[in-house]
Amino acid sequence: MKSVRQLSCRVIWNHRFFDIVNNMILPIYTFGQPVLRAVAEDITPDYPNLKELVKNMYDTMHHAEGIGLAAPQIGLAIRVVVVDLDVISEDLPEYKGFLRTYINGHIIEEGEETDVMDEGCLSLPGIHESVRRATKIHVQYLDEDMNPHDEWVEGYLARVIQHEFDHLEGHVFVDHVGPLRKKMIKSKLINMMKGNFRCAYKVKVNIK
Ligand SMILES: [Zn+2]
């Protein structure tokens with residue numbers, strides 16, 4: 001997930017330094033790539049080079065100044081997600097030091113209450129739209145060491161998880177946008193599929 005607009009400037013400063021270090025930056029697959037519409041599969045603990053993959057996902061997310069990244073966004077239809085909310089902890093101090101890896105994550109249940117917030121996505125550069133989501137969700141996942149977790153999550157993290165786990169179901173955030181707004185961004189989406197957009201990080205574009 002791309003950080004919301006009002007937070008993005010600070011995120012840029014926090015992560016400019018990551019480029020200097022020798023990190024593996026993977027291209028981010030953008031809207032139109034079939035892998036973003038695939039349902040991702042659970043993995044087994046012996047998935048090859050999992051630790052390295054997770055590190056590369058963090059590096060890629062930081063390089064692109066994102067706060068969440070799902071494996072389909074780097075071309076892999078597997079249920080691996082990384083989240084870094086530390087970068088917004090000046091605005092939301094409860095997330096100081098919050099970096100978490102979600103493996104084989106699933107949303108089990110959603111609370112009834114919802115709210116609306118602006119969202120952006122590293123796979124849809126330049127697009128920000130309001131999305132209504134549940135404020136509280138019940139999730140199950142494995143951490144990086146394959147320890148199981150079962151918890152209710154709320155607040156901003158609940159929104160980020162819903163955005164990222166949507167990627168695991170083959171959905172992107174603009175799928176939640178109403179018909180009128182969708183009509184208004186249609187040409188942007190078509191241009192994106194053709195590769196006609198500007199972006200500060202490495203991407204893999206679907207060119208037909
Ligand atoms: Zn996204």
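A residue is called buried here if 20 or more other C-beta atoms lie within 10 Å of its own, exposed if 12 or fewer, and partly exposed in between, with C-beta atoms placed from the backbone. Keep that in mind for V87. V87 has 24 C-beta neighbours inside 10 Å, so V87 counts as buried.

Two housekeeping points. This is a predicted model: local features need pLDDT of at least 70, side-chain atom pairs count only at pLDDT 80 or more, and totals for chains, interfaces and linings use all residues. Residues are numbered from 1 along each chain as its sequence is written.

Back to V87. V87 sits in the loop between β3 (80-84) and β4 (99-110). Helices (H or I, at least four residues) and strands (E, at least two) are DSSP runs, numbered from the N terminus. V87 lies 20 residues from I67 in sequence, and their C-alpha atoms are 7.4 Å apart in space.

Now the whole chain. The chain has four helices and nine strands. From the N terminus, the order is α-β-α-β-β-β-β-β-β-β-α-α-β. Of the 208 residues, 34% are buried. Contacts are next: two residues touch if their C-beta atoms, placed from the backbone, lie within 7 Å. Among contacts with a separation of 6 or more, 71% join residues 24 or more positions apart.

On to the sheet. Strands count as paired if DSSP finds at least two bridges between them. Five strands make an open sheet in the order β2-β3-β4-β7-β8, with antiparallel pairing. β2 and β8 are at the edges with a single partner strand each, so one side of each has no neighbour in the sheet. From one strand to the next, the twist averages 40°. Angles run from 0 to 180 degrees between N-to-C directions, and axes are lines fitted to C-alpha atoms, for helices over the stretch in contact.

Look at the two ends of that sheet. β2 and β3 pair antiparallel over three bridges. Y141 has H149 in β8 as its bridge partner. Five residues separate β7 and β8 in a hairpin, and M146 in the turn has a positive phi of about 65°. How many of the seven residues of β8 are buried? The count is zero, so to speak a strand that is hardly covered.

What lies across β2, β3, β4, β7 and β8? Helix α3 does, running at about 25° to β2. Eleven of the 14 residues of α3 are buried, so α3 is largely enclosed by the rest of the structure. Among them are V160, I161, F165 and L168. G170 follows α3, with a positive phi near 85°.

Now the core. A nonpolar core is a set of buried Ala, Val, Leu, Ile, Met, Phe, Trp, Tyr and Cys residues joined through C-beta atoms within 7 Å. The largest one has 42 residues, and I67, I74, V81 and L85 touch the most other members. Elements supplying at least two residues each include α2 (50-63), β3 and β7 (136-142). α3 gives the most, with five residues. In soluble globular proteins, nonpolar side chains tend to be buried together.

Last, α4. There is a kink of about 50° in α4, centred on I185. That bend is the angle between axes fitted to the seven residues ending at a residue and the seven starting there. After α4 comes G195, with a positive phi near 85°.
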